[in-house]
Amino acid sequence: MSQFQSRCPSCNGLNRLPIERINDTATCGRCKEHLLDGKPLEGTTDNLAALMNSDKPVVIDFWAPWCNPCVGFSPVFEDVAAERNGQIRCVKVNTEAQQQIAAQYQIRSIPTIMVFKNGQRVDMINGALPKGQFDQWLNQALLK
């Protein structure tokens with residue numbers, strides 16, 4: 001049984017999860033909050049491949065802490081993650097800390113948001129959007 005590690009979005013505690021149970025409801029071993037849904041997860045080289053194998057669509061926000069549009073878009077992304085709890089899995093990849101992932105997905109500008117289904121990219125958009133426009137774009141992307 002192989003496993004991956006993921007940080008809890010609530011308490012930042014590190015949790016080990018079996019890859020075979022990626023689609024199950026998981027809770028943090030420390031704070032007992034939902035681990036994989038409801039809040040954006042930190043995407044790393046250690047967990048991104050496992051998270052992409054989810055039955056749910058995966059929405060990734062590629063960002064950097066020095067990027068003002070990225071920081072401004074973060075509350076919108078968090079709201080969408082909470083509102084669509086159980087429907088999609090939201091992941092944030094810090095392109096400064098995860099340069100290998102940024103290179104793998106050819107990130108040239110940030111924020112870049114990508115939607116994946118069954119591990120395959122179905123849509124992508126560059127730039128921060130207001131919540132209403134992001135919701136509209138995401139609805140269209142999820143229909144693909």
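**Close-up views of a predicted model**

View 1. The largest pocket has a volume of about 270 Å³, where a pocket is an open set of points on a 1 Å grid over the protein atoms alone, with protein on both sides within 12 Å along at least five of seven lines, and a volume is the space filled by probe spheres set on the points, which are joined across faces, edges and corners. This is a predicted model, in which local features need pLDDT of at least 70 and side-chain atom pairs count only at pLDDT 80 or more, while totals for chains, interfaces and linings use all residues. Residues are numbered from 1 along each chain as its sequence is written, and side-chain values use heavy atoms, with hydrogens and water left out. The lining comprises 16 residues, of which Pro40, Leu41, Glu42, Trp63 and Lys92 lie nearest the centre of the pocket; lining residues are those with an atom within 4 Å of a point. At least two lining residues come from each of β3 (41–42), α2 (68–83) and β5 (89–94), the helices (H or I, at least four residues) and strands (E, at least two) being DSSP runs numbered from the N terminus. By class, the lining holds six nonpolar, six polar and four charged residues, with Ala, Val, Leu, Ile, Met, Phe, Trp, Tyr, Cys and Pro counted as nonpolar, Asp, Glu, Lys and Arg as charged, and the others, Gly among them, as polar.

View 2. The 13 residues of helix α4 (residues 131–143) should span 18 Å at 1.5 Å a residue, and the end C-alpha atoms are 18 Å apart, in agreement; the expected span is 1.5 Å times one less than the number of residues. Phe134, Asp135, Trp137, Leu138, Ala141 and Leu142 of α4 are buried, a term for under 20% relative accessible area, with exposed meaning over 50% and partly exposed in between (1.4 Å probe, protein chains only). Seen down the axis of α4, these buried residues fall within an arc of 170°, so they line one face of the helix, the arc being that of the directions from the helix axis to the C-beta atoms. The face turned away from the buried side carries the exposed residues Gln136, Gln140 and Leu143, whereas the buried residues pack against β4 (58–63), α2, β6 (112–117) and β7 (120–126).

**View 3. Val91 in strand β5.** Val91, which is found in strand β5, is buried, with a relative accessible area of 0%. Leaving aside neighbours within four places in sequence, Val91 is in contact with residues including Leu41, Glu42, Val58, Ile60 and Phe77, contact meaning heavy atoms within 4.5 Å.

View 4. In the loop between α3 (99–104) and β6, which holds Pro111, the peptide bond from Ile110 to Pro111 is cis, with omega near -5°. Asn12, in the loop between β1 (3–7) and β2 (14–18), has a positive phi of about 70° although it is not a glycine, and counts as partly exposed at 47% relative accessibility. Asn118, in the loop between β6 and β7, has a positive phi near 50° and is exposed, with a relative accessible area of 66%.

**View 5. Asp79 in helix α2.** Asp79 has its place in helix α2 and is partly exposed, with a relative accessible area of 39%. Asp79 and Lys39 are 40 residues apart in sequence, with a C-alpha to C-alpha separation of 8.3 Å.

Conventions. 1 Å grid on protein atoms, 1.4 Å probe; cavity = no way out; pocket = protein on both sides within 12 Å on 5 of 7 lines; lining within 4 Å.
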